[in-house]
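Good morning, colleagues. Please have the sequence and the structure open before you while I speak.

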Amino acid sequence: MAEATQPDLAVALGRLRLSWPTLMGSGCYGSGEEYAPFIDLAALGGVVLKSVTRHPRLGNAAPRLVSTPSGLLNAIGLQNPGIDAYLENDVANFADRPCAVIGSVAGFSVDDYAYVTERLAARDEIDAIELNISCPNVGTEGETFACDPSLAEAATRAARGVTDKTLIVKLSPNVTDIAAIARIVEAAGADALAVINTVRGMSIDVDRWTPRLGNANGGLSGPAIRPVAVLAVWEVARAVKIPIVGQGGIETARDALEFILAGASAVGIGTGNFTDPRVPLNVVDGIRDYLAARGHSALSEIVGKANPRFAGVR
Ligand SMILES: Cc1cc2nc3c(=O)[nH]c(=O)nc-3n(C[C@H](O)[C@H](O)[C@H](O)COP(=O)(O)O)c2cc1C
């Protein structure tokens, strides 16, 4: 008897083709080296690397991570060695990753975004660029770009001007109208959108009368933010035609399917990897089973199917 063909789970984000619709969230996966003993990295769509800036950053005061009910607050503060040291010491190690490797760029000026994008994208080891205009843990300046339409546009346009590689722009949920920002970023040349980065939050130690994070406030991730993220994808999917990488609290295939049915073409998995490195594998297996059981031959057939005003291209 002929073996049934498996549903096609491949996804295109601009020029970047992913074998699987799963990207590991920036800052949550290194470049995969610590997970490689536990899972086959070829089973991932790709890894989004930790965000890198023009100059080295030591990051925020400890504690930088605090657990909350169904969530994780972080205020790492974009610790990274800066683009010079990163290119010299780190990037060559990413050459043999059997999945897509996506560089993540953070900055504090439009020129920073252009400069770091150009230098990172010039490397063959880097398949695509994600623009982190939405980091909530670096004072007020980190999120300014995602929260100000003209800065979001300028940063995107500047990065677009220096690379032909796929440009994914990562949006913040900490805005009044995420769809409006999405439209502007699409018009400025983004190939895809990552929706969402963390949600601003805080936790207080009631015995010591101090915030529990060294930085006082931070970004909330994990299952606690999933409904916020699904709604953001739903709204963005009505506003733009470019593909969306939906993320925020995904731990199972059914979580991922919520994002896909809202309009995401692929999903990001960050915090879920901390509790179980097999989450990305289970998500792919579960989506495949779900499609097969319903007689679908490709993931693209169900993108946005719960969203009557889905505007994107399947
Ligand atoms: C510890 C930690 C560090 C993170 N660092 C970055 C980062 O450097 N750049 C970035 O764009 N997002 C960063 N994020 C956000 C994640 O990539 C992801 O968008 C967010 O956590 C929501 O997804 P999740 O609930 O699956 O983690 C970080 C998240 C965590 C928990």
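I shall begin with the ligand and then turn to the backbone and to individual residues.

First, the conventions. This is a predicted model, in which local features need pLDDT of at least 70 and side-chain atom pairs count only at pLDDT 80 or more, while totals for chains, interfaces and linings use all residues. Residues are numbered from 1 along each chain as its sequence is written, and side-chain values use heavy atoms, with hydrogens and water left out.

Where does the ligand sit? The ligand is placed in the largest pocket. A pocket here is found on a 1 Å grid over the protein atoms alone, as an open set of points with protein on both sides within 12 Å along at least five of seven lines. A molecule sits in such a pocket if more than half of its atoms lie within 2 Å of the grid points of the pocket.

Around the ligand there are 21 residues, and those that come nearest are Ser26, Ser51, Lys170, Gly249 and Thr271. To be counted as near, a residue must have a heavy atom within 4 Å of the molecule. Sorted by class, this shell holds 15 polar, 4 nonpolar and 2 charged residues. In this scheme Ala, Val, Leu, Ile, Met, Phe, Trp, Tyr, Cys and Pro are nonpolar, Asp, Glu, Lys and Arg are charged, and the others, Gly among them, are polar.

Which residue places a polar side-chain atom 2.6 Å from an oxygen atom of the ligand? That residue is Thr271. The backbone takes part as well: a backbone N or O atom of Gly270 is found 2.9 Å from an oxygen atom of the ligand, and a polar backbone atom of Gly222 lies 2.9 Å from a ligand oxygen atom. The ligand on its own has 610 Å² of accessible area, and the protein covers 97% of that area. Such areas come from the Shrake-Rupley method with a 1.4 Å probe; for residues, only the protein chains shown count as cover.

I now move to the backbone. Two peptide bonds deserve attention here. The bond from Ala62 to Pro63 is cis, with omega near -10°, and Pro63 belongs to the loop between β4 (46–48) and β5 (65–68). Strands and helices are DSSP runs numbered from the N terminus, with at least two residues (E) for a strand and at least four (H or I) for a helix. Val195 and Ile196 are also joined by a cis peptide bond, with omega about 20°. Ile196 falls in the loop between β10 (192–195) and β11 (199–202).

Thr198 is placed in the loop between β10 and β11 too. The side chain of Thr198 makes a polar contact with the side chain of Asn197 at 3.5 Å. A polar contact is a pair of N or O atoms within 3.5 Å; within protein, one must be able to donate a hydrogen and the other to accept it, and residues adjacent in sequence count only if both atoms are side-chain atoms.

Leu78, although not a glycine, has a positive phi of about 55°. Is Leu78 buried or exposed? Leu78 counts as buried because its relative accessible area is 4%. Buried means under 20%, exposed over 50%, and partly exposed in between, with a 1.4 Å probe and protein chains only. Ala216 likewise has a positive phi, near 70°, and lies in the loop between β13 (210–211) and β14 (217–221). Its relative accessible area is 23%, so Ala216 is partly exposed.

Leu78 is located in the loop between β6 and α1, and Asn80 is in the loop between β6 (71–74) and α1 (83–90). With a relative accessible area of 7%, Asn80 is buried. The side chain of Asn80 contacts the side chain of Thr53 at 2.9 Å and reaches the backbone nitrogen of Gly82 at 2.8 Å.

Finally, two residues for contrast. Ala152, in helix α4 (residues 149–160), is buried because its relative accessibility is 0%. Arg15, in the loop between β1 and β2 (16–18), has a relative accessibility of 68% and therefore counts as exposed. Arg15 and Asp191 are 176 residues apart in sequence, yet 8.4 Å apart in space, C-alpha to C-alpha.

Thank you for your attention.

Key: 1 Å grid on protein atoms, 1.4 Å probe; cavity = no way out; pocket = protein on both sides within 12 Å on 5 of 7 lines; lining within 4 Å.
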